[in-house]
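Have the model open while you read.

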Amino acid sequence: MKIFPSSSIKKLDAYTIEHEPIASIDLMERAAQALTKAITERWDITTPVTVFAGPGNNGGDALAVARMLAEKEYKVEAYLFNPKGELSADCQTNKELVEMMDNVKFSEVSTQFVPPTLTMDHLVVDGLFGSGLNKPLSGGFAAVVKYINASPATVVAIDIPSGLMGEENTFNVKANIIRAQLTLSLQLPKLAFLFAENSEFVGEWKLLDINLSREAIEETESNYALLEAEEIHALIKPRNTFSHKGNFGHALLIAGSYGMAGASILAARACMRSGVGLLTVHAPIRNNDILQISVPEAIIESDASDTYFACPTDTDDYQAVGIGPGIGRSEETEAALLEQLSGCQTPLVLDADALNILANHRHALTTLPKGSILTPHPKELERMVGKCQNSYERLMKACELARTAKVHIILKGAYSAIITPSGKCYFNSTGNPGMATAGSGDVLTGVVLALLAQGYPAEEAAKIGTYVHGLAGDFARKKQGVISMTAGDIISNLPLAWRLVSE
């Protein structure tokens, strides 16, 4: 599913109006019907509704919703804020329709605003401003937003919370943004919905299909998209009846120091559960026994060191190499990693301490083999690219790193972002807060390593691996809940996740 910048959304509306064809007022009516349906499915007619409408088409949507709710016998009052005496044509039409209704308490505000009483029983419909906003709210509109936010009422935002910009909000004024409990986004999500710092404004978000032109959506380019099950299913390669383990690659995992054997075990188990033909784990001598017992399917190659990764190993016979989980940051390990990377021509998955070491040797990032994947969480990324003010800046810096180093990046978190060297960003739609637990990233490393070893291109391996990892976490959530979930639970649910996306 594509995610478009705010500037493109108006073009989609215009294309739909011209080519369906449909009058703009009728498209607004269609949107209002979808909004009204979503509201009435959650709140019954005993809920008093207060609608706040602005002078543009977002306000027109809100007024149409007010009318439709009143027709369904909801108790509705509506406030249209029109300080400049200028309404969009469709907002003007809906204003006139609302004025003709006896059962809507309607007020048009041009100067003085006497705020209504809002209780915890009230539902506020926010239709002040839509996704086209390009500067912070100020003056009277900011005052209205602060009044709504200070009330105990439940707030539903139309398309996007008023005051929130669709992409970057670095220089926005947080106090002047609506804090919604539910955002009803029309047709497609906004990029801003996927950033952690905006969750307090967006709340839960839900997409409403208003039948914008599918042709226009397909033909309009965008660097952003939300991964969906159908896309992942289409990427999965079927297995031939006469396949053998040699057809599915041999992966090398360099992981674990003494006391951190668990990281190598989790990554290895996840790799074996994700279809790799053979797996060799390179680990310090003192981790040998626990690995042999915990992952009997894997081949164990001992490092010369008892306690940490100290000696690079030959990678020519492997189809993919994973490095990082639990290896630590000793001087010997740092030297071994840099030497390992300098001669490696095999696609890599780099995670955890491998990334932390590279943060101190950024020149090595530009010499990584083609098809390599980095899997940082936000703090690991910032060690490589510098401190970031917010998620938008972090994403932009990750895109720049992917471009300059010619690598793929999985920026982990809610809606993990898969970033390509060409600047495409795919946001993952699976996963949940229960996965914010020790070892979850090690599991992802194992899954992605298995896919690279099987011959999937880096972009596909990153997409599939991230989606399946999150899906397994979603199955684990159903069984264990978000509080009790462990990384091992994610691995236990990988078979079900793989079966769902592949069959």
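The points below go from the whole chain down to one residue.

1. First, the ground rules. This is a predicted model, where local features need pLDDT of at least 70 and side-chain atom pairs count only at pLDDT 80 or more, while totals for chains, interfaces and linings use all residues. Residues are numbered from 1 along each chain as its sequence is written, and side-chain values use heavy atoms, leaving out hydrogens and water.

2. On the overall build, the protein has 18 helices and 18 strands (DSSP runs: H or I of at least four residues for helices, E of at least two for strands, numbered from the N terminus). Its C-alpha atoms fill a box of roughly 85 × 50 × 40 Å along the principal axes.

3. What share of the 503 residues is buried? The figure is 58%, with buried meaning under 20% relative accessible area (1.4 Å probe, protein chains only).

4. Now for contacts, meaning heavy atoms within 4.5 Å. Of those between residues at least 6 apart in sequence, 73% join residues at least 24 apart.

5. Have a look at helix α2 (residues 24–42) and helix α4 (residues 89–99): their axes come within 10 Å and cross at roughly 65 degrees. These axes are lines fitted to C-alpha atoms over the stretch in contact, with angles running from 0 to 180 degrees between N-to-C directions. Ser-24, Ile-25, Met-28 and Glu-29 of α2 meet Asp-90, Thr-93 and Asn-94 of α4.

6. Finally, Arg-394 sits in helix α14 (residues 391–405). Arg-394 counts as buried because its relative accessible area is 15%. Leaving aside residues up to four places away in sequence, Arg-394 touches Pro-378, Leu-381, Glu-382, Cys-388 and Leu-411.

Note on methods: Buried means under 20% relative accessible area, exposed over 50%, partly exposed in between (1.4 Å probe, protein chains only).
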